[in-house]
Amino acid sequence: MKAVAWHGRRDVRVDEVPDPKIEEPTDAIVRITTTALCGSDLHLYEVLGPFIREGMILGHEPMGIVEEVGSAVTNLKPGDRVVMPFQISCGTCFMCDQGLQTQCETTQTREEGRGAMLFGYTRLYGDKDGGQAEYLRVPQAQYTHIKVPEGPPDERFVYLSDVLPTAWQAVEYASVPDGGSVCILGLGPIGDMSARIAMHKGYRVIGVDLVDERLQRVSERGAETVDLREVDDVGEAVRELTDGRGTDAVIDAVGMEAHGSPGAAIAHRMVGLLPDFLGEQVMNKAGIDKLNAVYTAIDVVRRGGTISLSGVYGGMADPLPLLTMFDKQIQFRMGQANVKHWVDELMPLVLDDADPLGVENFHTHAVPLDEAPQAYETFQKKRDGAIKYLFKP
Ligand SMILES: NC(=O)c1ccc[n+]([C@@H]2O[C@H](COP(=O)([O-])OP(=O)(O)OC[C@H]3O[C@@H](n4cnc5c(N)ncnc54)[C@H](O)[C@@H]3O)[C@@H](O)[C@H]2O)c1
Ligand SMILES: [Zn+2]
Ligand SMILES: [Zn+2]
């Protein structure tokens, strides 16, 4: 089959690889019909190289049709239409019972000290091949699936894999008071969808980014925006809009590809150039994260407010302004989205033909799998109006 495989920094290729097979009784094989490209894939493309095996199949936002199931999977059958959550979880352990599927104790990568196994996301998260491919082996398939009905197009459902639950959790974790305000840093797919959900819940949204079409998309749907290129100080700009206080909550939907701290950009590049064993040490110990967005969040949030981190960060020694965080009495919540935990709340919204969150036209590009290498580059460089790519294997 064809699959998008990682070969090096900024080097992904469409390889011909063996079809996946059932390996465990709890597996299923799914034929992929639509699979998306995510901002998290850009971290693999750019900086997480030391943790990836060459040839690993990328992608964690897939949906398709069940081809085959293992003997222990009794709630799925060939022909079922399913979306796969980006994390692999069992549904019966202590953590899954708490609704913390990203901490699933059955699939945790214990040797790396990490949470649940993820599709296509380095050896830190189980070294499992991902879903930018014609077929995908789904472990723990009895629970790692979301059944969706026939009828509406894939575009309506595919974001249940990641974008929708991540944005939903980002807004939940932001704990915005009724009628309150939230500043959303970064208006890529996650920030954009968080803005849609926050507005759907009646909150005032101030979105921040530095790319025209991303700012435009959220302002067209009713959010206020701050263009990073036009202000010296985002904190000041947001305080001016909020009686000098800052917003009740801030969602960081930027993560470690932030623009705006040149020192860190250099560190990022250095890690990419080091031999793997050294790069890994630098990444783990030296704290090379681009923390620009986190610092901005700490500045923007009002005293006693909440910061919800959905952007992914990777370092271990990142300097944080603890005095300010303590003095402002900031609450922090963060983590990978617990996909299955939010499905019941999201499903009515995607099934609604009025499409309240605008998922059907959320993508800006839909291309064959063969065009993946070009798509990664265009998405990373934010060219050609690219905000969300879908691949059609
Ligand atoms: N927590 C989760 O489960 C989860 C799931 C999916 C994605 N993510 C993470 O969420 C983040 C966003 O994902 P995405 O798909 O939207 O990616 P993206 O790269 O398309 O979006 C990031 C956006 O941030 C903007 N930006 C960069 N620097 C900024 C700054 N200093 N201030 C404000 N905006 C800035 C960029 O222009 C871009 O629009 C990534 O870090 C991704 O890994 C987390
Ligand atoms: Zn994703
Ligand atoms: Zn579990």
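## Close-up views of the predicted model

**View 1. Surroundings of Lys128.** Residues up to four places away in sequence left aside, Lys128 touches Ile88, Met117, Leu118, Phe119 and Gly120; two residues are in contact if their C-beta atoms, placed from the backbone, lie within 7 Å. The model is predicted: local features need pLDDT of at least 70 and side-chain atom pairs count only at pLDDT 80 or more, while totals for chains, interfaces and linings use all residues. Residues are numbered from 1 along each chain as its sequence is written, and chains are lettered from A and ligands numbered from 1 in the order in which they are written. Lys128 sits in the loop between helix H2 (94-97) and strand E6 (135-138); helices (H or I, at least four residues) and strands (E, at least two) are DSSP runs, numbered from the N terminus. Lys128 counts as buried because 23 other C-beta atoms lie within 10 Å. The cut-offs for this term are 20 or more other C-beta atoms within 10 Å of the residue's own for buried, 12 or fewer for exposed, and partly exposed in between, with C-beta atoms placed from the backbone. Between Lys128 and Ile88, 40 residues apart in sequence, the C-alpha to C-alpha distance is 9.7 Å.

**View 2. The whole chain, for orientation.** The chain has 13 helices and 15 strands. Its C-alpha trace spans about 60 × 50 × 45 Å along the principal axes. Of the 393 residues, 51% count as buried. Among contacts with a separation of 6 or more, 72% are between residues 24 or more positions apart.

**View 3. The shell around ligand 1.** Ligand 1 is surrounded by 34 residues, the closest being Gly39, Ser40, Gly186, Gly188 and Gly255; a residue is near a molecule if its C-beta atom, placed from the backbone, lies within 6 Å of it. Two or more residues of this shell come from each of helix H1 (39-46), helix H5 (189-200), strand E9 (204-209) and helix H10 (292-300). H1 has the largest share, four residues. By type, the shell holds 16 nonpolar, 14 polar and four charged residues; Ala, Val, Leu, Ile, Met, Phe, Trp, Tyr, Cys and Pro count as nonpolar, Asp, Glu, Lys and Arg as charged, and the others, Gly among them, as polar. Domain 1 (2-162 + 338-392) and domain 2 (165-334) each give at least three residues to the shell, the domain bounds coming from an automatic or database domain assignment.

**View 4. Contact between the two domains.** The centres of domain 1 and domain 2, taken over C-alpha atoms, are 24 Å apart. Their contact takes 24 residues from domain 1 and 27 residues from domain 2. On the domain 1 side, H1 and helix H12 (339-351) each supply at least two residues. The largest share of that side, five residues, is from H1. The domain 1 side divides into 11 nonpolar, seven polar and six charged residues.

**View 5. The largest nonpolar core.** This core has 113 residues, and those with the most contacts inside it are Val30, Val182, Ile184, Leu185 and Val250. A nonpolar core is a set of buried Ala, Val, Leu, Ile, Met, Phe, Trp, Tyr and Cys residues joined through C-beta atoms within 7 Å. Helix H4 (residues 163-174) gives the most to the core, with eight residues. At least three core residues come from each of domain 1 and domain 2. Neighbours within four places in sequence aside, the contacts of Val30 are Gly64, Ile65, Val66, Glu67, Val82, Met84, Tyr135, Leu136 and Val138.

**View 6. Helix H10 and its cover.** H10 is mostly covered, with seven of its nine residues buried. The buried ones are Asn292, Ala293, Val294, Thr296, Ala297, Ile298 and Val300. Their cover includes strand E8 (181-185), helix H7 (234-241), strand E11 (247-252), strand E12 (301-309) and helix H11 (322-327).

View 7. Gln140 lies in the loop between E6 and strand E7 (146-147). It is not a glycine, yet Gln140 has a positive phi of about 50°. Gln140 counts as buried because it has 25 C-beta neighbours inside 10 Å. Asp243, in the loop between H7 and E11, also has a positive phi of about 50° without being a glycine. Asp243 is exposed, with 8 other C-beta atoms within 10 Å. Gly202 is in the loop between H5 and E9 and counts as exposed, with 10 C-beta neighbours inside 10 Å. The C-alpha atoms of Gly202 and Gly179, 23 residues apart along the chain, are separated by 6.0 Å.
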